[in-house]
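Reader: Could you walk me through this structure before I set anything up with it? I'd like to go from the overall picture down to single residues.

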Amino acid sequence: MPLIDESQADPVKLIDEEVSLMPNNDVEGTVTVVPDRRDRAAVTLSTAPMDASEIESAVTRLRRYHLGDPDAGKQCTQVSDDLLPALLDPYRGRSGIRYEYPLYLPGPENPGESPLARPLASFLADAVATFAPAPEGARMLRDNLPRLERYIDRKLKNASNPVDAKSLLAEACMAVQDEIDLDDSNRIRLQQDLDRLIEAVESGSQFLGYGPYVAIHLLKLAVHSHSYIQRTQFVAEIDERIRGLSELLAVERGKSVSSLAPDALQQKVGAASRYIDTRAFSGVMEHRAQGSVNMSAERKGRIEKVLEILESYDADSEEMQFVAAKGSPWLSGDHCFQVTSSDDPCASAKTLYEEQADTYARIFSACRIAQLEIDGIYESAVHDSWFENFDWEAFSAHELLLIPTVVALVTAEHIAGDGMLSLSRLLNSRKPVQVLAWVEAHGNPGAGKEEDQLQSIRTELTYFGLGQRQANVVQSSAARHEHLLNGLQAALSNSRSSLYLISTEFTDGEQSPLDPWMMSSAAMESRAHPFFQVNRGSDAEADAVSFDGNTQPESDWSVHMFSYQDGQGEKVEIELAFTFADYCLLKPSLKEHFRLVPPGCESEDLIGAAAYLDSSIEKPERAIPFIWGVDASGLLFKVVVSRALMLACRDRQNYWRSLQAQCGIRNRYVEQARQEVRAEERASAAEEREKLIGEYESELERVREEANRDVMGHLADVLVGLDAATLIAGAGTGATADRAEAPAAEVPDQAADTAVEVAAAEVAEPEAAEEDDISFDEPWIDSILCTTCDDCMTINKLLFVYNEDKQAYITDPKLGTYEEMVKAAEICPARCIHPGNPLDPGETGLDELLQRAEPYN
């Protein structure tokens with residue numbers, strides 16, 4: 001989803017007259033900006049007069065720099081520290097950015113009843129709505145919610161750990177009361193609403209800021225949501241088993257003589273024993289063994305051993321255990337989780353899980369044996385050998401979730417180097433151990449410490465994890481908490497080893513020009529750290545892979561509109577691709593890979609980086625790739641990119657296309673399958689069309705034959721019904737008849753001819769109407785054959801529309817041209833569009849169009 005989505009923003013007026021644009025809560029990852037430097041329209045192209053010779057000289061230097069000439073690099077202008085990629089210029093200064101963090105984390109006692117994490121703004125708005133549902137309710141509080149957000153956000157800036165939500169919100173409420181000047185009555189009203197807001201916060205809930213350990217806290221949250229209910233239910237199961245076994249042993253003890261002793265009777269009677277003389281009661285009872293069959297010593301010993309194991313279970317044991325490399329920041333950082341050090345975290349995590357599994361194997365086997373004993377179905381011959389070899393591979397899915405989650409905290413450099421073998425063994429061990437690795441999106445984890453990280457093909461650990469056939473892989477970012485949480489939960493749910501590759505952009509020793517959240521978002525947007533998931537919970541490989549969360553996944557690079565003012569003050573809008581080179585411009589350590597193009601230097605050899613990476617460019621040896629950058633004063637520059645960095649961009653583009661192919665985008669086999677399906681659809685449509693045409697012609701022939709029979713029948717009726725009296729009168733006269741013979745004979749002949757013509761006309765009228773109905777002069781569509789492919793809609797949406805069955809028909813032929821009719825017929829996969837004859841005889845190119853239309857009429 002987009003890094004920048006201002007189309008979803010609604011203006012909100014704050015108390016201090018600052019204007020903020022709020023993101024749409026339904027769109028994850030959108031951010032908005034409050035410009036704190038200048039209006040965005042003030043971005044202006046840097047210009048200066050240059051003659052042809054100066055331009056040629058500058059282009060020559062820039063080309064030499066691009067190709068790696070160090071002397072040329074010294075002669076070109078270096079980029080300033082305040083230069084940002086043009087698309088990120090509006091996001092200078094953290095104070096103007098409002099995004100999903102801080103997060104509100106519900107109390108640990110309510111997993112699954114609400115989202116695991118919610119943006120603070122969303123939580124506060126919903127909390128107010130619980131006690132003031134009307135839009136105008138608690139108006140003062142609603143107006144000051146942004147103040148509460150800002151206070152909490154400042155308190156949690158780069159915080160390592162979550163903090164108690166109720167106490168921090170109470171502190172923020174006091175600060176807001178002190179900040180604004182209200183009279184006593186309004187102050188009391190606001191305080192009442194603030195108190196109700198604080199009461200709406202769940203007990204044990206927390207606020208989590210975007211800090212260096214945010215991914216670990218989200219992992220802890222996902223683990224707790226998966227295991228809390230199971231652990232609670234398991235404690236209840238153990239209590240039930242303990243009661244059942246205790247009752248079995250109590251019954252067995254009741255069979256012995258010692259159960260009739262005064263002390264035993266007092267224990268059985270309980271509190272009421274003070275009203276009974278248990279010694280006298282024991283004296284009058286018959287002291288002999290009770291019951292017909294005693295429990296075997298073997299069974300009794302087994303039950304007592306199982307009972308001891310179940311009673312020793314610690315319900316408050318840790319849900320997670322972490323292992324990190326010696327010297328790593330997680331061992332000394334200010335965080336609220338315990339970490340064990342190791343020279344080889346992956347190997348140590350595997351060993352630690354095995355130890356935990358052995359401990360829980362005793363507990364799970366004891367729980368199962370207890371149920372068998374309570375049900376009275378334990379068979380030594382069957383069950384003894386089973387439980388002697390009972391280990392983690394025999395655990396149920398429910399039991400696997402009860403084992404404390406073991407997590408190896410590593411860097412991408414470690415597992416791409418010395419830790420590669422241990423990682424491979426762990427991912428193939430089938431043990432559900434989690435590996436959480438931090439990735440620097442611009443670097444190459446497989447490169448040596450002294451090696452230039454852009455000089456070799458990048459080691460993609462996601463692809464390495466993809467090769468481990470039973471391992472989950474999640475490449476995500478804490479900047480998109482919903483995507484990360486979804487990946488964590490999906491991986492934890494199928495109890496397999498998992499590799500998480502996370503980008504947070506909290507780096508040591510390098511000051512980034514933007515907020516870490518924005519830097520992490522830029523890494524995803526530029527394909528430096530694309531989102532990708534492999535969930536082995538599905539047996540189908542196609543269902544296991546997910547490409548969700550990436551911006552414009554069908555394209556090589558995400559493309560956005562950008563506007564600026566040219567040298568004449570005119571507004572110019574262009575499409576800009578956000579490439580890996582744009583992201584690298586944010587890294588101070590990579591500034592040497594960029595040089596400014598002198599203002600006014602215009603040349604056909606200067607080509608945008610995205611176009612340069614397109615292999616179809618002409619004269620690649622002359623091409624000089626550039627990106628757009630904006631400095632703090634609002635000047636827009638072209639920035640030439642070094643050849644080494646462009647090769648790295650091509651490598652990231654190649655990796656991106658590999659991931660696309662895994663997900664069915666630009667996949668040769670998928671495209672082949674689509675073509676086969678289309679061919680089958682065309683063949684089926686052609687067969688159906690031929691069938692319909694045959695039926696139509698048969699029906700037309702039948703109608704014609706019926707019409708002919710009707711004509712002849714009507715003619716016969718006319719002839720039979722002529723006036724016979726006239727004929728008789730003419731035959732009975734003498735000379736008069738002779739004189740009138742010729743006219744008398746002509747009368748019936750004329751009448752008969754007239755009658756025949758009338759009859760023929762009457763029968764011919766419906767036939768002519770039928771012919772008019774099936775005329776092929778006008779364009780028409782066999783709508784029943786339409787496959788809803790949308791191809792004709794792309795040509796003219798006014799001419800071609802869908803009916804209620806989503807099948808195309810022609811609204812009015814006059815709304816389009818004959819050329820559009822022919823084009824639509826040519827691209828129609830069902831060949832159901834028939835252009836007919838042109839309605840406008842003056843349209844150009846009709847001779848050619850009629851020839852093209854002939855196969856479809």
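Author: What follows goes from the whole chain to its sheets, its cavities and a few backbone details.

Author: Please keep in mind that this is a predicted model.

Reader: Understood. How many helices and strands are there in the protein chain?

Author: The protein chain holds 29 helices and 29 strands. It has 857 residues, of which 46% count as buried, and its accessible surface comes to about 43,200 Å², with 50% of that belonging to carbon and sulfur atoms.

Reader: And of the contacts between residues at least 6 apart in sequence, what share joins residues at least 24 apart?

Author: That share is 72% for the protein chain.

Reader: Let's do sheets. In what order do the eight strands of the open sheet run?

Author: The order is β13-β12-β14-β15-β17-β16-β18-β19, and the pairing is mixed. At the edges are β13 (339-342) and β19 (545-546), each of which pairs on one side only.

Reader: Why is β14 described as largely enclosed by the rest of the structure?

Author: Because six of the seven residues of β14 are buried, the strand is largely enclosed by the rest of the structure.

Reader: Then where does the antiparallel part come in, say for β18 and β19?

Author: Strand β18 (residues 532-534) and β19 run antiparallel and are joined by two bridges; Gln-533 stands opposite Ser-546 in β19.

Reader: What about the four-stranded open sheet, what is its pairing?

Author: Its pairing is antiparallel, with the strands in the order β9-β8-β11-β10. The edge strands are β9 (118-119) and β10 (163-164), each pairing on one side only. Two bridges join strand β8 (residues 103-105) to β9, and Tyr-104 stands opposite Arg-118 in β9.

Reader: While we're there, which peptide bond is cis, with omega near 0°?

Author: The bond from Tyr-101 to Pro-102 is cis, with omega near 0°, and Pro-102 is found in the loop between β7 (97-98) and β8.

Reader: Switching to voids: how many cavities of 30 Å³ or more does the structure hold?

Author: There are six cavities of 30 Å³ or more, and the largest cavity has about 180 Å³ of space.

Reader: Which residues lie nearest the centre of the largest cavity?

Author: Of the 14 lining residues, Leu-400, Leu-401, Ile-403, Thr-405 and Leu-492 lie nearest its centre. The elements giving two or more residues to that lining are α7 (214-254) and β14 (405-411), and α7 has the largest share, with three residues.

Reader: Last topic, backbone angles. What is the phi of Lys-806, and of Arg-831?

Author: Phi of Lys-806 is near 60°, a positive value in a residue other than glycine, and Arg-831, also not a glycine, has a positive phi of about 50°. Lys-806 is in the loop between β27 (800-802) and β28 (808-810), while Arg-831 is in the loop between α28 (818-827) and β29 (833-834).

Reader: How does Arg-831 count in terms of accessibility?

Author: Arg-831 counts as partly exposed because its relative accessibility is 35%, between the cut-offs of 20% for buried and 50% for exposed. Lys-806 is partly exposed too, with a relative accessible area of 45%.

Technical notes: Residues numbered from 1 in each chain as written. Predicted model: local features only at pLDDT ≥ 70, side-chain atom pairs only at ≥ 80, totals over all residues. Heavy atoms only, no water. Pairing = 2+ DSSP bridges. Buried < 20%, exposed > 50% of the residue type's maximum accessible area, 1.4 Å probe, protein only. Contact = heavy atoms within 4.5 Å. Areas by Shrake-Rupley, 256 points an atom, 1.4 Å probe, with all protein chains shown as cover. 1 Å grid on protein atoms, 1.4 Å probe; cavity = no way out; pocket = protein on both sides within 12 Å on 5 of 7 lines; lining within 4 Å. Points joined across faces, edges and corners; volume = space filled by probe spheres on them.
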